[in-house]
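Please look over the chain shown here before reading on. The briefing below starts with one local detail and then goes through the structure by topic.

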Amino acid sequence: MVAPAIRVAPNAAKRATSLLSAIQFGHPPTCPCHSNPSYHDARQPGQMANALRRHMSTPMDLSLQKEYAFEMSASSIRFGLGVTKEVGMDLSNMKARRVCIVTDPNVEKLDAMNHVRENLAREGIEYTVYNQVRTEPKDSSVKDAIAFAKNYEPDAFVALGGGSVMDTAKLMNLYTVYRDADFLDFVNSPVGKGLPVAQKLLPLIAIPTTAGTGSETSGTAIFDLVSKRAKTGVAHRNLKPTLGICDPLNTRTMPSAVHAASGLDVLCHSLESWTAIPYDQRMPRPQNPINRPAYQGANPISDIFSLHSLRSTVKYLTRAVKDPEDFEAQQQMLLASTLAGIGFGNAGVHLCHGMSYPISGQNPGYQHAGYNVDSPIIPHGVSVAVTAPSVFRFTAASNPERHLIAAEAFGVDIANVKKESAGEVLGEAIRKFLLELGDQPKGLKDLGFKHSDIDNLVEGTIPQKRVLMLAPQLDRELEGEKAQLAKIFEDSM
């Protein structure tokens with residue numbers, strides 16, 4: 001018979017030693033000379049663990065600190081049939097007395113514009129109209145709009161139109177408040193200085209007439225920087241509209257081609273924000289919360305909006321495009337656009353958008369049917385969707401489960417799909433969806449690009465740091481990144 005083990009109570013010295021060990025390894029002191037050198041980030045492999053681990057008095061490399069928090073921000077949103085008629089009362093409630101209405105030549109002719117004018121007049125509010133917004137704005141057209149606003153000195157703005165109008169109005173608002181700022185001060189780094197928008201801007205009410213950009217919800221404004229042959233912009237929470245008025249009556253006048261291109265933007269907003277790197281994997285962690293970017297990476301709240309929007313877009317976009325009388329589909333696409341705006345406005349987008357900017361900016365002369373403009377144009381939604389099948393084949397290895405959930409939203413039975421097939425399955429689902437939508441370019445060749453253009457497209461993508469930092473699987477070494485981007489462009493031909 002084995003004698004039972006006898007437990008011997010530790011003496012005082014033993015208890016003290018055990019306590020010190022527990023403190024050292026469980027809660028290391030902040031003093032770099034006395035902390036446990038194997039504690040900090042010990043679970044991280046390779047060079048990053050070495051870079052992050054503090055050795056004796058060596059200071060921490062702050063550029064390699066990962067984010068630990070996310071922050072949600074969106075405009076107030078009002079959604080409903082006929083809510084445009086409330087804009088005058090809203091401005092009156094805001095104590096606005098001198099308003100700049102921002103629109104484009106086409107939208108100015110619509111009933112929505114008449115409703116806005118009538119409601120401002122009914123409230124006795126003085127206003128002027130800037131109607132020269134360019135579709136897919138360039139830095140020159142934005143500067144012209146800013147000069148107009150500075151000269152008028154409004155105390156509030158109303159943006160009536162699509163994403164180009166709303167983005168232009170945001171920049172008019174920004175540089176009216178920051179009257180003496182250089183144009184590149186707030187433009188995203190590395191193209192501009194990327195300064196934070198610290199001051200409170202003037203009230204801005206955004207009224208979308210398209211169902212695509214979600215710009216009524218977010219603090220992002222995009223334009224073409226002609227000298228760089230690429231798109232860039234300004235992104236900060238304080239740039240977001242005060243109120244977004246989403247009236248489904250205002251989207252009934254969209255031509256079919258605009259419905260399609262706008263809806264493809266919603267599709268990619270949803271897919272990219274759903275598959276962006278998790279917020280707690282983004283680097284660097286801001287040392288001041290004012291510098292926390294609007295695009296933070298996927299997070300539990302943005303996920304809800306992004307996935308719901310993706311499912312709605314797959315369900316309703318083709319209906320909205322093919323049947324001008326399908327008002328339910330049109331209304332649901334406006335809602336999907338707004339929900340996607342909240343999702344990507346906080347999680348961010350990645351490769352489809354990053355690569356779309358040089359595609360639009362380096363347009364070899366393509367003119368998309370159904371757009372009433374004077375110059376060649378690749379609509380934004382078209383430029384983001386054309387690379388989507390290749391992009392998600394590339395990113396799938398980062399998180400096969402999420403990519404399969406996205407494929408399921410397209411109606412794919414994923415029950416027996418292996419994880420390593422996630423990218424191929426989702427890429428094929430997107431390709432089929434684009435074919436069913438109809439009248440869309442099948443690749444970059446249909447837009448007029450050649451294989452010899454790939455190097456320039458890659459060079460135009462590299463400066464899009466704001467979105468590329470959220471791209472899964474993308475190499476952090478420049479040459480590796482260029483090779484990966486070139487392969488995706490090649491596969492998108």
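**Briefing**

Directly after helix α4, G124 has a positive phi of about 70°. The model is a predicted one. The chain has 493 residues, of which 53% count as buried, and its secondary structure comes to 17 helices and eight strands.

**Confidence**

- The average pLDDT of the chain is 90, and 88% of the residues score at least 70.
- Residues 23-56 have a pLDDT below 50, and this stretch has 40 contacts in the model beyond near neighbours in sequence.
- Where pLDDT is low, the predicted coordinates should not be read in detail.

**The chain overall**

- Taking contacts between residues at least 6 apart in sequence, 76% join residues at least 24 apart.
- About 22,000 Å² of the chain is accessible surface, and carbon and sulfur atoms account for 53% of that surface.

**Helix α4**

- Helix α4 covers residues 111-122, twelve residues in total.
- From the first C-alpha of α4 to the last is 16 Å, close to the 16 Å expected at 1.5 Å a residue.
- The buried residues in α4 are A112, M113, V116, N119 and L120.
- Viewed down the helix axis, the buried residues of α4 fall within an arc of 130°, so they line one face of the helix.
- D111 and R122 are exposed, on the face of α4 turned away from its buried side.
- The elements that the buried residues of α4 pack against are α3 (87-93), β2 (98-102), β3 (126-130), β4 (156-161) and β5 (204-208).

**Helix α5 and the residue after it**

- The 14 residues of α5 should span 20 Å at 1.5 Å a residue, and this agrees with the 20 Å between its end C-alpha atoms.
- Buried in α5 are D139, S141, V142, A145, I146, A149 and Y152.
- These residues cover an arc of only 160° around the axis, which puts them on the same side of α5.
- The cover over the buried residues of α5 includes β2, β3, β4, α6 and β6 (220-225).
- E153 is placed in the loop between α5 (139-152) and β4.

**Other backbone details**

- Most residues other than glycine have a negative phi, and most peptide bonds are trans.
- D439 is not a glycine, yet has a positive phi of about 60°.
- The loop between α14 (422-437) and α15 (454-461) holds D439, and this residue counts as exposed because its relative accessibility is 76%, above the cut-off of 50%.
- S189 and P190 are joined by a cis peptide bond with an omega of about 10°; P190 is in the loop between α6 (163-177) and β5.
- M283 and P284 are also joined by a cis peptide bond, with an omega of about 0°; P284 is in the loop between α7 (256-275) and α8 (300-322).

**Nonpolar cores**

- In soluble globular proteins, nonpolar side chains tend to be buried together.
- The largest nonpolar core has 68 residues, and those that touch the most other members are L310, L351, I359, F410, L444 and L447.
- Helix α7 gives the most to this core, contributing ten residues.
- Beyond its neighbours within four places in sequence, F410 is in contact with L267, L271, L310, V314, L426, A429, I430 and F433.
- Another core lies apart from the largest one and has 31 residues, including C100, V133, V197 and F223.

**V467**

- V467 is in helix α16, which covers residues 465-468.
- V467 counts as buried because its relative accessibility is 1%, under the cut-off of 20%.
- Along the chain V467 and G348 are 119 residues apart, while their C-alpha atoms are separated by 6.8 Å.
- Apart from neighbours within four places in sequence, the contacts of V467 are Y295, V349, H350 and G354.

Conventions. Residues numbered from 1 in each chain as written. Predicted model: local features only at pLDDT ≥ 70, side-chain atom pairs only at ≥ 80, totals over all residues. Heavy atoms only, no water. pLDDT = per-residue confidence, 0-100. Contact = heavy atoms within 4.5 Å. Helix = DSSP H or I, 4+ residues; strand = E, 2+ residues; numbered from the N terminus. Buried < 20%, exposed > 50% of the residue type's maximum accessible area, 1.4 Å probe, protein only. Areas by Shrake-Rupley, 256 points an atom, 1.4 Å probe, with all protein chains shown as cover. Expected span 1.5 Å × (residues − 1). Arc of directions from axis to C-beta. Core = buried A, V, L, I, M, F, W, Y, C linked by side-chain atoms within 4.5 Å.
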